[in-house]
Amino acid sequence: RKAFIYRLAAMHQTELEDPERAIALFRQAAQSPCAVPGAHRALMRALEQAGEIGEVVAEMISAADKEQDPHRRADLLVTAAERTGEDEEASETSVLALLLKATEAAPDSSLARGALLAHQHATGQVPPQESGQEQDKPRSLVEDAEQVPEDDPDRTDLLLELGRIAFFKELTSSGKEAAAAGEASQATRLLQMAAAGTSDVLLPLRFLLDRAWMDNNAEDLARYYQQLAETVEEKREAAVLYTRAGEQLTQGASEPLIKALDLQPDLLGAIYRLRDIALREEDWETACGVVEVEARASAHQDHIAAAHMLAGELARNKLMDSDRALANYQECLAVKPDNYLAFQQVRQLLANAKRWEELSSLLLQRAQVERSRERLAEIYGALAELAQVYLEDRSQAKRYLRMLVQLKPGSMDALKQLADMYFQDEQWQETSHTLLSLARLEGSHERLKQIFLRLGLIYREKTPDS
């Protein structure tokens with residue numbers, strides 16, 4: 001029967017939009033014995049939506065009276081006190097009575113003790129200063145917290161609860177006015193005290209980070225991020241926290257960023273920040289090394305190629321390290337074979353080092369991806385020169401010249417070189433054919449005359465039967 005009442009209540013709440021009837025039905029479904037699981041929570045939600053704060057508080061107090069666990073009872077009473085404080089018509093005495101009842105239910109509850117102490121400060125009911133101190137000045141939350149003995153087993157929890165309450169209090173308009181007037185943050189001090197007294201610093205540090213963000217305090221943010229990084233076990237999470245610390249600092253940022261990369265070498269956020277610092281400070285060795293790490297960490301070919309290009313430029317122009325520059329430019333070509341700038345740099349470095357065979361291989365690889373006819377013709381000419389002059393391979397030199405002529409039939413320089421090489425190698429038929437091709441292009445009567453004289457000599461003395 002109560003399950004049916006619960007479903008009926010839900011229908012009144014959602015479909016019939018009758019909150020009063022829904023609340024009455026939820027209350028029936030939540031009554032013992034045989035209360036429907038979840039009915040009490042549904043009742044509380046319905047009361048919240050209807051704005052019935054007084055009834056919400058009454059239900060919490062009723063639940064607390066039935067609760068057997070003292071700490072759970074204290075938690076419910078503290079929550080009831082907080083909700084009572086939201087009601088403008090409620091008296092401070094009602095809030096205080098609930099908090100006193102909570103501390104009586106569980107005297108060792110840090111939540112109850114902290115809430116009571118915070119309420120006393122908020123309502124001006126703070127105990128007076130000790131004798132010898134200013135009698136008209138109430139103690140602060142920090143001063144009260146300092147009275148808690150070091151050996152109190154609940155000291156850290158109490159400090160944390162006081163810090164949490166102070167933190168939210170400082171978010172109010174009065175708290176912001178106090179901060180604008182230059183008053184120190186009690187929340188920060190309390191949370192620092194809590195963090196210092198426990199190995200489980202995650203919660204106080206997270207509140208401290210929020211406080212530092214509100215204050216726009218970069219140094220505190222960096223310090224708390226580093227402390228948080230030292231407590232987490234997962235390496236990537238710790239590396240991210242060290243990176244955030246480095247992002248806040250203008251001086252000394254490299255140290256946390258290096259720690260981040262020690263834990264997670266492919267963390268691009270730390271890499272970018274450390275790279276920018278090294279470039280700004282003109283620390284070229286570090287900058288080059290970090291950019292090389294950046295290239296290894298990336299999964300995108302364009303990014304990898306760009307990083308290797310930058311590392312190559314740094315190595316060549318700042319570190320004067322040609323071998324390192326060459327290695328980076330070659331890595332760029334490995335992922336982007338059509339990168340013309342990288343090709344030009346590798347070509348020049350290999351030529352400077354007189355590494356002719358590697359240079360020839362580079363030019364052949366470039367010829368496979370080159371789309372410009374002009375550039376391709378220049379490559380074939382360079383290959384022919386390499387083969388003839390440095391590699392002493394006349395056969396290959398003639399082959400590259402033929403490829404150049406095939407690509408650009410009007411290349412008179414290539415035809416002249418090819419005719420000379422055929423003549424020197426006594427390849428008379430090839431010489432005559434090449435000279436005839438050259439004659440068709442020649443516009444000078446004097447040079448044309450020389451070509452035909454040469455052809456006549458070949459036909460008379462070298463190929464008499466042709």
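1. A residue counts as buried when its relative accessible area is under 20%. In this predicted model, Y242 has a relative accessible area of 8% and is therefore buried. The cut-off also applies to R275, which at 17% relative accessibility counts as buried.

2. Overall composition. The chain contains 26 helices and zero strands.

3. Surroundings of Y242. This tyrosine belongs to helix α14, which covers residues 235–248. When neighbours within four places in sequence are set aside, Y242 contacts Q226, A229 and E230, and also P256, L257, K259, A260 and L263. Y242 and K259 are 17 residues apart along the chain, and 6.8 Å separates their C-alpha atoms.

4. The largest nonpolar core. This core has 53 residues, of which V346, L362, L363 and Y380 touch the most other members. Helix α22 (residues 373–390) supplies the largest share of the core, namely nine residues. For L363, with residues up to four places away in sequence not counted, the partners are F343, R347, I379, A382, L383 and L386.

5. The second core. A separate core of 26 residues is also present, and Y242 is one of its members. Others in this second core include L208, A260 and I271. A260 is also among the contacts of Y242 given in point 3.

6. Helices α17 and α18. Helix α17 spans residues 284–297 and helix α18 spans residues 301–317; their axes lie 8 Å apart, at an angle of about 160 degrees. Because angles over 145 degrees count as roughly antiparallel, α17 is roughly antiparallel to α18. The crossing of this pair is left-handed. On the α17 side the contact is made by W284, A287, C288, V291, E292, E294 and A295, and on the α18 side by H303, I304, A307, H308, L310, A311, L314 and A315. By class, the residues of this contact are eleven nonpolar, two polar and two charged.

7. Helices α18 and α19. Helix α18 also packs against helix α19 (residues 322–335), at an angle of about 165 degrees and with the axes 8 Å apart. This angle makes α18 roughly antiparallel to α19, and the crossing is left-handed. From α18, the residues involved are Q301, I304, A305, H308, M309, A311, G312, E313, A315 and R316; they meet R324, A325, N328, Y329, E331, C332 and V335 of α19. The residues of this contact divide into nine nonpolar, four polar and four charged.

8. Surroundings of R275. This arginine lies in helix α16, residues 268–280. Apart from neighbours within four places in sequence, R275 is in contact with V290, V291 and E294.

Terms used:
Residues numbered from 1 in each chain as written. Predicted model: local features only at pLDDT ≥ 70, side-chain atom pairs only at ≥ 80, totals over all residues. Heavy atoms only, no water. Core = buried A, V, L, I, M, F, W, Y, C linked by side-chain atoms within 4.5 Å. Buried < 20%, exposed > 50% of the residue type's maximum accessible area, 1.4 Å probe, protein only. Helix = DSSP H or I, 4+ residues; strand = E, 2+ residues; numbered from the N terminus. Contact = heavy atoms within 4.5 Å. Axes fitted to C-alpha atoms, helices over the stretch in contact; angles between N-to-C directions. Parallel < 35°, antiparallel > 145°, perpendicular 65-115°, else oblique. Left-handed = near helix turned anticlockwise from the far one by under 90°. Nonpolar A, V, L, I, M, F, W, Y, C, P; charged D, E, K, R; others polar.
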